Amino acid sequence: MRNALLLTLSLLWLNLQAQECVSLEPKVMGLPALSADLSAETEKTLPIVFHVMHTGEDVGEGANITDEAILETLGLVNDQFRKVPGSTGDGIGVDTKIDFCLARRAPDGSPTSGITRHDLSNISDFVADGVALSGLDDGASDLQVKEIACWDVDEYVNVYIVPEINGNNGGGGVQGYAYTGATGNCLDGVVILANRMVITEYNFGKVLTHELGHYLSLQHTFYNTTSCATENNCQTQGDGVCDTPVTTTNYSCSSPACEGAMLENYMDYTGEYCRDSYTTGQAEKMHSYIVSSRSQLLTAPSCIPPVDIDLALADVDYQTPFCQQTQNIEATVSNLGNLPVGSASVVVGSDGIYYTEEIYDIEPGQTVQVPFENIPLNGVFWVSVIAEGDEYEDNNQYLGFVDYEAGSLWEMDFTTDFFAPENSWVLEGEGVYLESPYYPLGINAYSYDACLFSGCYTLTIYDAGGDGMPYGGEVVMTVDGVSVPVDIAGDWSELVIEFCLETNDCPFDLDGNGNVGNSDLLLFLTDYGCTASCQYDLNGDGATDVNDLLTLLNVWGLPCPSLDNLPPRSLPVDEQVYDLSGRRIYRPLDDLPAGIYIVASPEGVTKLYKQ
């Protein structure tokens, strides 16, 4: 009985989610009369840029969604505008002959991935409630948020990806909005929830398709309509499009509000499963509007990469401060050029040691994630992408800094059960407060980590349904790789797990006498050669080896060394040359064979092509 009730409730929840409250009543600003003929119209491609407006999360967490998620959604939106056979846009409507290209040239002429990221954690209203659709709603001002990231509205379709709208916590209510007609300032563009930009089995990108329809002058099919009566003038009444049947608002995919209503139309409020169509009249209205009011989008060079060969470091993901002496880094490399790149090297330099990964066959517009594992980071480090013939070097390098604080690494793999909106959690203690985001329906796995220091902590897991997490849920928690048991079995509405830590502020004083000396070395040697769960793995790379010995000798004779005692890691005082394997080369530059080399000097790090 309970399972049947739960299934019924879940289907009801899905139906409500599909009924998207998508847009404010649009502002019409002198729209032109229709004059286009779709059969005679040429294809039009409009440049689009996505601004990810997050609150400080790492890429891939919360509203700071990945490039891949954005590209996938844009691909589906283009399928829907072009009615691609077999796609989510293959419905009863027409190919609008309109699509969108990701911007490749920024307003200053430099290469771009077409995706920008902005940390708005310093705007308290945005952190609390996201963006406010109007001055009467909760959240940061619409214009305030947009002006942080806005690109020229005449040459780019600006899309702002946000965590919530009007304080809806990314849940029900307004899912996105756009002004119908150009505003002449940064208000122009589309705002959309981040979770509507991530494709799932219930979300196909159609909120963005709907909002882009508004951006290109379309009204809702039920606009200015209060009954099912026939329109006297279809060009001036209702949505102003003659081949969209008269209707009031539709929410159901099977029960029309008015006889003959087009439940499949993108500009209605029906669910994502049935919306798959624009009509000929809607397509012609969009073409007419582009030519008359947004013509600069057609001539702007926004989607033309400025050079043929250009690999760029789009992002470098790492943590600071961090409580382990090594950590994983992920570099994101984008091909912003016109031509494919056959091979390239991604190099991390830290403490005079260089780590290299090779990447191959990077197509124009492609983004590649390049992971580096267990890299010692303390102080200054740099990342560089090196490709022969790269014509734009300003986006090739990244200089970072990691502040190490001795502590313990807390990690949690949290798998929601099917009724994920009921699941949430909070970790708190010793100045730490972390809480879960809103989880969408379905069984999905999420990973979290944080640095913890000496003290006691409480992880509280909540289930609003009161029955725990029996439908696929799982929680695995570790501290410095050691499991902290979490038993989620049974019915519960609140589960409390408490644990305490004692971190060593003097990680190299192995015998605890306040100094690093002979006795510490003897203790260290008892663990030398260990490859798993090592007691004296000083650099955190999983083994006790020569690298740990060098770490120990680096602070030999110092009192109770913590990071503050360690020699600073910085650029070398003299010029140093390395090959791409990270080996230092002592021969004069003139004697080197042809190839690519890395030159580090007090002025910085550069690449050298030797012909």
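This is a predicted model: local features need pLDDT of at least 70, side-chain atom pairs count only at pLDDT 80 or more; totals for chains, interfaces and linings use all residues.
Residues are numbered from 1 along each chain as its sequence is written, and side-chain values use heavy atoms, with hydrogens and water left out.

**Entry: backbone angles**

I looked up further backbone exceptions, given that most residues other than glycine have a negative phi and most peptide bonds are trans. K97, in the loop between α2 and β2, has a positive phi of about 65 degrees without being a glycine. S217, which is also not a glycine, has a positive phi of about 90 degrees and is found in the loop between α5 and α6. For exposure I used the rule that buried means under 20% relative accessible area, exposed over 50%, and partly exposed in between (1.4 Å probe, protein chains only). S217 has 1% relative accessibility and therefore counts as buried.

**Entry: helix α6**

I then turned to α6, which covers residues 280-293 and has 14 residues. From its first C-alpha to its last the helix reaches 20 Å, close to the 20 Å expected at 1.5 Å a residue, where the expected span is 1.5 Å times one less than the number of residues. How many residues of α6 are buried? I found 10 of the 14, so the helix is largely enclosed by the rest of the structure. The buried residues are G281, Q282, A283, E284, K285, M286, H287, S288, Y289 and I290. They pack against β1 (44-54), α2 (67-82), β2 (98-102), α5 (206-215) and α7 (296-299), with contact meaning heavy atoms within 4.5 Å.

**Entry: strands**

In what order do the 4 strands of the open sheet stand? I read it as β19-β16-β21-β22, with antiparallel pairing. β19 (445-452) and β22 (482-484) stand at the edges with a single partner strand each, so one side of each is left without a neighbour in the sheet. The twist averages 25 degrees from one strand to the next, with axes being lines fitted to C-alpha atoms, for helices over the stretch in contact, and angles running from 0 to 180 degrees between N-to-C directions. Between β21 (residues 474-479) and β22 I noted 3 bridges, and V479 stands opposite V482 in β22.

I looked separately at β20 (residues 455-463), which is mostly covered, with 7 of its 9 residues buried. β20 pairs in the antiparallel sense with β17 (residues 423-429) over 6 bridges, and S424 stands opposite Y462 in β20. β20 also pairs in the antiparallel sense with β23 (residues 494-501) over 8 bridges, where Y457 has F499 in β23 as its bridge partner.

**Entry: aromatic rings**

My rule for aromatic pairs was that rings of Phe, Tyr and Trp (its six-membered ring) pair if their centres lie within 6.5 Å, with planes under 30 degrees apart counted as stacked, over 60 as edge-to-face and the rest as tilted. By this rule the count comes to 17 aromatic pairs. Y251 and Y269 form a tilted pair, 6.3 Å centre to centre with 35 degrees between the planes. Both Y251 and Y269 lie in the loop between α5 and α6, 18 residues apart. Y251 is partly exposed at 41% relative accessibility, whereas Y269 is buried at 8%.

F419 and Y471 form an edge-to-face pair, 5.6 Å centre to centre with 80 degrees between the planes. F419 lies in the loop between β16 (408-415) and β17, and Y471 in the loop between β20 and β21, so the pair ties together parts that are 52 residues apart in sequence. Is F419 buried or exposed? I noted F419 as buried, with a relative accessible area of 11%, while Y471 counts as partly exposed at 25% relative accessibility.

I also recorded one aromatic cluster formed by F81, F100, Y266 and Y278. Finally, the charged end of R294 sits over the ring of Y215, 3.7 Å from its centre, under the rule that NZ of Lys or CZ of Arg is within 6 Å of the ring centre and within 35 degrees of the ring normal.

Technical notes. Helices (H or I, at least four residues) and strands (E, at least two) are DSSP runs, numbered from the N terminus. Two strands pair if DSSP finds at least two bridges between them.
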